[in-house]
Amino acid sequence: MIREKILITGASGQLGSVLTDSLQEKWGVDNVIATDLRENSEFTGRFETLDATDYDAIVDLISENKITQIYHLAAILSANGEKAPLQTWNINMKTLFNVLEASRLHNIKKVFFPSSIAVFGPNVESNNTPQFSNLTPTTVYGISKGAGENWANYYFKKYGLDVRSLRYPGVIGYQSLPGGGTTDYAVDIYHKAVKEESFECFINESTELPMIFMDDAIRATIELMDAPSENIKIRTSYNLAGMSFTPEQIFNSIKKIYPDFTISYKPDFRQHIASSWPGSIDDSNARNDWNWKPKFDLDSMSQIMIEKLKVHYHSLTI
């Protein structure tokens, strides 16, 4: 098997930290270079500080390390992005342009660009939202992702750059703390349950959103990137689904393990964002084109989340 040389931007984020581990396991620690704005003293492997708005710095890393694939994860997420819209747009787009141009000019074989269900707006079919719905996002994060999808498609059509993308739903994992997204309540709620604290939810109890367990999200990413090029029919971004649930449903799933767990609701500006997103996603194109299929449902995810977080918090008290 040909050894790829992988560059990851935004490697210290919620998704990036777990994806980095999986890519190290797949390609070898020495063949994966993780980067982020700030140094990560706890990182195992090859890590470089990188401001992805610096084109020359990206090119230097590509050239010095003979990079063959880039996973471009650096971005400001939905909730944090609304606090500084213009800055979010500038950072999200400039970093993407830098990666696309550097990849085009330096013969990168594959690029991964994460998109999001944030590209959809309130005027799409909210149940089983189809792949080719119109994109009228309500957040600057969603706007940047929608634009990024079209730029990915443009670079493929015009230059033949093999860019691949997934529209992630909310990603739920035990490996890191929430990172500023609207769906992050579904991560924080498990932390509160394990710490035996009450949880205050920033969206209402009946707001259904598409979610995916981290293990499935990572597997989908690697399966997409491993698929033969001729199988990749969509060059904007693939719809991806794992499960859909409301805060009330995840609360009830947790109560099966923690019967005394309590929740209250105090919707804030993130309720408006969540209400503009789909409740469930049609990912049949991903299933048909590269055989995507999730493995986890809500209860199996709750079991693992709680088991892993109990170990985490127990280790902090030893």
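Author: Let's start with a term. On a 1 Å grid over the protein atoms alone, a cavity is a set of points where a 1.4 Å probe fits but cannot get out, and its lining residues have an atom within 4 Å of a point. This is a predicted model, where local features need pLDDT of at least 70 and side-chain atom pairs count only at pLDDT 80 or more, while totals for chains, interfaces and linings use all residues. Residues are numbered from 1 along each chain as its sequence is written, and side-chain values use heavy atoms, with hydrogens and water left out.

Reader: How many cavities of 30 Å³ or more does the structure hold?

Author: Rolling a probe the size of a water molecule over the atoms shows where empty space is left. Here the structure has 1 cavity of 30 Å³ or more. The largest cavity holds about 60 Å³ of space (a volume is the space filled by probe spheres set on the grid points, which are joined across faces, edges and corners).

Reader: Which residues line the largest cavity?

Author: You will find His72, Ala74, Ala75, Asn92, Met93, Thr95, Leu96, Phe113, Ser144 and Lys145 around the largest cavity. Two elements, α4 and α5 (140-159), each give two or more residues to this lining; helices (H or I, at least four residues) and strands (E, at least two) are DSSP runs, numbered from the N terminus. The biggest share comes from α4, with 4 residues. By class, the lining of the largest cavity has 5 nonpolar, 4 polar and 1 charged residues (nonpolar: Ala, Val, Leu, Ile, Met, Phe, Trp, Tyr, Cys and Pro; charged: Asp, Glu, Lys and Arg; polar: the others, Gly among them).

Reader: At roughly what angle do the axes of α4 and α5 cross?

Author: Axes are lines fitted to C-alpha atoms, for helices over the stretch in contact, and angles run from 0 to 180 degrees between N-to-C directions. The axes of α4 and α5 come within 10 Å and cross at roughly 15°. That makes α4 roughly parallel to α5 (under 35 degrees is roughly parallel, over 145 roughly antiparallel, 65 to 115 roughly perpendicular, the rest oblique). By class, the contact of α4 with α5 has 13 nonpolar, 4 polar and 2 charged residues.

Reader: And how do α2 and α4 cross, left-handed or right-handed?

Author: α2 passes α4 in a right-handed crossing. The axes of α2 (residues 55-65) and α4 (residues 85-105) come within 10 Å and cross at roughly 40°, so α2 and α4 are oblique to each other. Tyr55, Ile58, Val59 and Ile62 of α2 meet Asn98, Val99, Glu101, Ala102 and Leu105 of α4. By class, this contact has 7 nonpolar, 1 polar and 1 charged residues.

Reader: What about pockets: how much space lies in the largest pocket?

Author: A pocket is an open set of grid points with protein on both sides within 12 Å along at least five of seven lines. The largest pocket has about 1100 Å³ of space. It is lined by 43 residues, and the closest to its centre are Gly13, Leu73, Ala75, Leu77 and Gly179. The class count for the largest pocket's lining is 19 nonpolar, 19 polar and 5 charged residues.

Reader: Which element gives the most to the lining of the second largest pocket?

Author: That is α1, with 4 residues. The second largest pocket has a volume of about 350 Å³. Of its 14 lining residues, Ser17, Asp21, Asn40, Glu42 and Gln175 are the closest to its centre. The lining of the second largest pocket divides into 6 nonpolar, 6 polar and 2 charged residues.

Technical notes
A crossing is left-handed if the near helix is turned anticlockwise from the far one by less than a right angle, and right-handed if clockwise. Contact means heavy atoms within 4.5 Å.
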